[in-house]
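Student: I have the sequence and the model open. Can we go through it piece by piece?

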Amino acid sequence: MTPQDAHVIIALAALAATADGMLDQQERVSIISAAEQLGLSGDDATLNAVMTGSGDVAQLAQSLSSDEARIAAYDVAAAVCHADGAPNAQESAFLAALSRE
């Protein structure tokens with residue numbers, strides 16, 4: 001997995017968290033924790049930029065460099081969606097779309 005993959009994984013996690021139009025505190029903490037586990041700083045400029053949840057899931061997923069990175073992206077997105085309880089319909093739809101990429 002490359003450093004670029006880490007940024008894309010976090011961008012996808014932010015998209016997952018904001019799929020329902022909201023980014024709550026538990027989801028934000030989950031994203032920051034995942035970023036730190038991937039070697040990114042909690043105050044990383046890219047991390048702060050992606051917290052808005054903007055981007056295209058297909059384009060981001062296709063930019064990942066390996067199957068390992070794709071699996072990690074799905075796992076992190078799913079964890080973020082579960083951070084505040086069971087995923088709602090919009091988050092579930094996002095995860096389904098991500099799994100197809």
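Tutor: Helices here are DSSP runs of H or I at least four residues long, numbered from the N terminus. Bear in mind that this is a predicted model.

Student: OK. Where is Ser63 found?

Tutor: Ser63 sits in the loop between H4 and H5.

Student: Is Ser63 buried, partly exposed or exposed?

Tutor: Ser63 is partly exposed, because its relative accessibility is 38% and that class runs between 20% and 50%.

Student: What does Ser63 touch, not counting residues up to four places away in sequence?

Tutor: With those neighbours left out, Ser63 has contacts with Asp5 and Val8. As for distance, the C-alpha atoms of Ser63 and Ala77 are separated by 16 Å, with the two residues 14 apart along the chain.

Student: Change of topic. How many salt bridges does a search of the whole structure find?

Tutor: The search gives 1 salt bridge. Asp67 pairs with Arg70, and their closest N and O atoms are 3.5 Å apart.

Student: How are Asp67 and Arg70 placed in helix H5?

Tutor: They are 3 residues apart in H5, which covers residues 67–82, so about one helical turn separates them. Side chains of opposite charge can pair when their charged atoms come close.

Student: And is Asp67 buried or exposed?

Tutor: Asp67 is exposed, at 57% relative accessibility. Arg70 is partly exposed, with a relative accessible area of 30%.

Student: Now the inside. Which residues touch the most other members of the largest nonpolar core?

Tutor: That core has 33 residues, and the ones touching the most other members are Ile10, Leu12, Ile31, Leu64, Phe94 and Leu98. Two or more core residues come from each of H1 (3–17), H2 (25–37), H3 (45–50), H4 (57–62), H5 and H6 (89–100).

Student: Which element gives the largest share of this core?

Tutor: H1 does, with 11 residues. H1 is mostly covered, too: 13 of its 15 residues are buried. From its first C-alpha to its last, H1 reaches 21 Å, close to the 21 Å expected at 1.5 Å a residue.

Student: Back to Ile31. What does it touch, not counting residues up to four places away?

Tutor: On that count Ile31 touches Ile10, Ala13, Ala14, Ala17, Leu23, Leu47, Met51 and Val80.

Student: What about Ile32: buried, partly exposed or exposed?

Tutor: Ile32, in helix H2, is partly exposed at 26% relative accessibility.

Student: Last one, H6. Which residues are buried there?

Tutor: Glu91, Phe94, Leu95, Ala97 and Leu98 are buried in H6. Seen down the axis of H6, the buried residues fall within an arc of 160°, so they line one face of the helix. They pack against H1, H2, H4 and H5.

Student: What does the face turned away from the buried side of H6 carry?

Tutor: That face carries the exposed residues Ala89 and Arg100.

Student: And which residue caps the N-terminal end of H6?

Tutor: Asn88 is the cap, with a side-chain oxygen 3.1 Å from the backbone nitrogen of Gln90. H6 itself has 12 residues and reaches 17 Å from its first C-alpha to its last, close to the 16 Å expected at 1.5 Å a residue.

Technical notes:
Residues numbered from 1 in each chain as written. Predicted model: local features only at pLDDT ≥ 70, side-chain atom pairs only at ≥ 80, totals over all residues. Heavy atoms only, no water. Salt bridge = Lys/Arg side-chain N within 4 Å of Asp/Glu carboxyl O. Buried < 20%, exposed > 50% of the residue type's maximum accessible area, 1.4 Å probe, protein only. Core = buried A, V, L, I, M, F, W, Y, C linked by side-chain atoms within 4.5 Å. Contact = heavy atoms within 4.5 Å. Expected span 1.5 Å × (residues − 1). Arc of directions from axis to C-beta. Polar contact = N/O pair within 3.5 Å; in protein donor to acceptor, adjacent residues only side chain to side chain.
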